[in-house]
Amino acid sequence: MTKPSLPDLLHAAVDAVGGTERPGQVTMAEAVAEAVDDGSHLLVQAGTGTGKSLGYLVPALAQGERVVVATATLALQRQLVERDLPRTVDALHPLLRRRPEFAMLKGRSNYLCLHRLHEGMPQDEEEGLFDQFEAAAPTSKLGQDLLRLRDWSGETENGDRDDLTPGVSDRAWAQVSVSSRECLGASRCAYGAECFAEMARERAKLAEVVVTNHALLAIDAIEGAPVLPPHEVLIVDEAHELVSRVTGVATGELTPGQVNRAVRRCAKLADEKVADQLQTAAEGFERVMELALPGRLEEVPEDLGYALMALRDAARNVIVALGSTRDKSVQDEDAVRKQAIASVETVHAVAERITLGSEYDVVWYERHDRFGASLRVAPLSVSGLLREKLFAERSVVLTSATLKLGGDFNGVGASLGLAPEGTATAEGDQPVWKGIDVGSPFDYPKQGILYVAKHLARPARDGDRADMLEELTDLIQSAGGRTLGLFSSMRAAQNAAEELRSRIPEYPILLQGEETLGELIKNFAADPRTCLFGTLSLWQGVDVPGPSCQLVVMDKIPFPRPDDPLMSARQKAVEEAGGNGFMAVAATHAALLMAQGAGRLVRASGDRGVVAVLDSRLATARYGSYLKSSLPEFWYTTDRNQVRRSLAAIDAAADDAK
């Protein structure tokens, strides 16, 4: 039988999902197929509306080898597993003469643990186990969540937290789930044969396409113990998020509360002398942390160094002791022991990592009003790790609407450990890759305006921005509401919401944090006169096509804070290596966020509107052209009167179309 052509396969899949074939989608599918065939790597920028999911799924399914698709957001995972993959597999089956299996796989703590649910949660302060269902008052929010979880456990087929609607609090979920370190293991657990996490792994082993998240991909790469099945092709969607997700997984943290929990958990199982040693070390660490001031530690202070060495040594002794002693008086001893060891191992690992003092790590103190001080350690860069672990043994395709910053892919490529595109390197020295921009089906110059408020004063950090609030008020009035406000800090968003609620009460202002994100977005989409203000997750997580979002406002260029320990350390490292640290780190970070933020405006072919940047530096600073070239090609103006007329016209047209 003749092998079906890629265009035929793509056409069948697009028909099946009720979509429209786009030239960019065809170009993308051909490039993915080529990369997979020759084992090379590909970066694809595919604008909103391209249909990039099918652009990579169809060639991936056609080649017949196992594929892992890693995404950053739950929304896209759901879309792939519940809509795109079932329809695509059905459509391709007659042409391929096979029906590829697919499965979702997440980290263990995302699945309901039947042992925890039925046997209870090991308790720190008291003998035996804590029956969370009896301890939580049935009328409390926690009690209601736990009762719902118990009922749901008899109905769910996969135990995946994200399938529970509405969801439950993190506190409730923590009492019915375990981390991989706390898990007893299927062979030693009374519920091993029914374990949801184990069943998900078994399904993944049999599947041709495994959909997972960036965090699990990072764990698979970093920890050395494979959690993903062997695969020949890796597709990373929402790839602009990958570096930050990998950094998050590779970051360690120590707090006095965490160390004290570890002490309590091992107290009943470890020899008294060994337990006392850990208790003493914990008290010493807590005393040091009481005096901790936020900021980077270029060198570990002597008092902290001694406290960490004492913690490391005491934790090591406890781990040895817990592994060799038994205490039959403790109910469900294996579970209690496993949780205790997991807690102490985490303390040991972070204390040892900071004590060893790698030049490739950044160490800093943070202080939180509610939770107190924490000690954190993160890799200066994850590029070497990604180059070694991600690109070595498989073909990798990375795609997003925002990968091309400042006109090329080299900025994102460098963060992934890739040499500049087209650089000739010694055999095997650097992964071979290329970048393609397949464009967007939208006509950005006709559908959108980029307005920079050049007349505003240069924003000072945490300074009063009365002129910006005046400008924002005028813009919202011209737009008739319909505004998504993207702010560089939560404080700025709160100040703006408070001020504008009194200035223009006729336009309701929703504020991130006052309701769940899903509820806020739903209410924003439902009423065109409403505005939604918020910070980081809104820059990337809002998809509201139509007349409810016709003005996207950025209060200022979202550079990282100058006192951000990790970003400033990365910037300094680039400068010490002879590069431009500001452009490589701060400007790249800002460009990526601005490109994502600007992408909130045009989500469908009929959308019209304005992206307004209330920061004159975009028009006046030298780096402004780099940032502008990272945004969609909107029609550009600094004329405030022109933009007000345009917004009023767009508002009137939307009203007429009702």
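**Aromatic pairs and burial**

Author: Y623 counts as buried, at 14% relative accessibility. The cut-off explains why: buried means under 20% relative accessible area. This is a predicted model.

Now the wider picture. The structure holds 7 aromatic pairs. One of them joins F442 and Y444, and this pair is edge-to-face. The centres lie 6.2 Å apart, with 80 degrees between the planes. Both F442 and Y444 are buried.

Back to F582 and Y623. Their ring centres are 5.3 Å apart. Their planes meet at 55 degrees, so the pair is tilted. The cut-off for edge-to-face is over 60 degrees, and for stacked under 30.

Where do F582 and Y623 sit in the chain? F582 belongs to helix α24, residues 581-598. Y623 lies in the loop between α25 (617-620) and α26 (624-628).

F442, Y444 and F634 form one aromatic cluster.

A helix gives a further view of burial. In α16, residues 383-390, S383, L386 and L390 are buried. Seen down the axis of α16, these buried residues fall within an arc of 70 degrees, so they line one face of the helix. In general, an α-helix has 3.6 residues a turn, so residues three or four places apart point the same way. The buried residues of α16 pack against several elements, including α10 (214-222), β7 (233-236) and α17 (410-415).

Definitions and conventions:
Residues numbered from 1 in each chain as written. Predicted model: local features only at pLDDT ≥ 70, side-chain atom pairs only at ≥ 80, totals over all residues. Heavy atoms only, no water. Phe/Tyr/Trp six-rings, centres within 6.5 Å; stacked < 30°, edge-to-face > 60°. Buried < 20%, exposed > 50% of the residue type's maximum accessible area, 1.4 Å probe, protein only. Helix = DSSP H or I, 4+ residues; strand = E, 2+ residues; numbered from the N terminus. Arc of directions from axis to C-beta. Contact = heavy atoms within 4.5 Å.
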